Amino acid sequence: MDTGSTFTTYYYLQNNASVSVAGKMHKLNLQLNDPGATTWFCIGSQCYLPTANSSLSFSINANDQVLFTCDFNPNHAFGTTIVRYTAVNDGDPNDTVNIHIIYNAAGATGIPVLSDATAMELFPNPATEHID
């Protein structure tokens, strides 16, 4: 994961019941890789700022689903971030679903940086005069 990019994960919250259900989403940053790292989320088309830890009530129709997106920006820092999202049924606070997302912001690994390269050969190379 590039430390300078924002990463989005996509989920669908599914209502398998024969009646509509209303609920709220709660966000808890369990561990941030950097004090300046940010997390935020959207439910359907309603998005919440990184400072928001709970959504407004949302509804999912019977046998339907709603898009739930989670975003993370590591603030150009390495490390692990863990975020827990909890969907809570407004009609029954014991009816919950937890989603734990673990982000690992790391630099590129396994490829040494070439310095002072003096020659380069390309294979296979059928060109006889120049390479475009």
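Is Thr81 buried or exposed? Thr81 is buried, with a relative accessible area of 0%. Here buried means under 20% relative accessible area, exposed means over 50%, and partly exposed lies in between, with a 1.4 Å probe and protein chains only.

The model is predicted, so local features need pLDDT of at least 70, side-chain atom pairs count only at pLDDT 80 or more, and totals for chains, interfaces and linings use all residues. Residues are numbered from 1 along each chain as its sequence is written, and side-chain values use heavy atoms, with hydrogens and water left out.

Start with confidence. pLDDT is the predictor's confidence in each residue, from 0 to 100. The protein averages 84, and 78% of the residues score at least 70. Among the elements, strand β4 (residues 46-48) has the highest mean pLDDT, 97. β8 has the lowest, 90. Strands are DSSP runs of E with at least two residues, and helices are runs of H or I with at least four; both are numbered from the N terminus. Over residues 113-125, pLDDT stays under 50. For that stretch the model has two contacts beyond four places in sequence. A contact means heavy atoms within 4.5 Å.

Now return to Thr81, which is found in strand β7. Leaving out residues up to four places away in sequence, Thr81 touches Gln31, Leu32, Asn33, Thr39, Phe72, Ile101, Ile102 and Tyr103. A polar atom of the Thr81 side chain lies 2.9 Å from the backbone nitrogen of Asn33. Asp34 is 47 residues from Thr81 in sequence, yet the two are 8.4 Å apart in space, C-alpha to C-alpha.

Strand β7 covers residues 79-89 and also holds Asn89. Asn89 counts as buried because its relative accessibility is 17%. A polar atom of its side chain lies 2.8 Å from the backbone nitrogen of Gly91. Beyond four places in sequence, Asn89 touches Val21, Ala22, Gly23 and Asp95.

Next comes the loop between β6 and β7. Asn75 has its place there. Asn75 is not a glycine, but has a positive phi of about 60°. His76 lies in the loop between β6 and β7 as well, and phi of His76 is a positive value near 60°. Most residues other than glycine have a negative phi. Asn75 is partly exposed, with a relative accessible area of 33%. His76 counts as exposed because its relative accessibility is 62%.

What lies inside? A nonpolar core is a set of buried Ala, Val, Leu, Ile, Met, Phe, Trp, Tyr and Cys residues joined through side-chain atoms within 4.5 Å. The largest one has 19 residues. Leu13, Met25, Phe41, Ile43, Phe58, Phe68 and Tyr85 have the most contacts inside it. At least two residues each come from β3 (38-43), β5 (58-60), β6 (64-73), β7 and β8 (92-105). β6 gives the most, with four residues.

Finally, which residues lie nearest the centre of the largest pocket? They are Gln14, Val21, Ile60, Ala87 and Val97, out of 17 lining residues. β1 (7-15), β2 (21-31), β5, β7 and β8 each supply at least two residues of this lining.

Note on methods. Polar contact = N/O pair within 3.5 Å; in protein donor to acceptor, adjacent residues only side chain to side chain. 1 Å grid on protein atoms, 1.4 Å probe; cavity = no way out; pocket = protein on both sides within 12 Å on 5 of 7 lines; lining within 4 Å.
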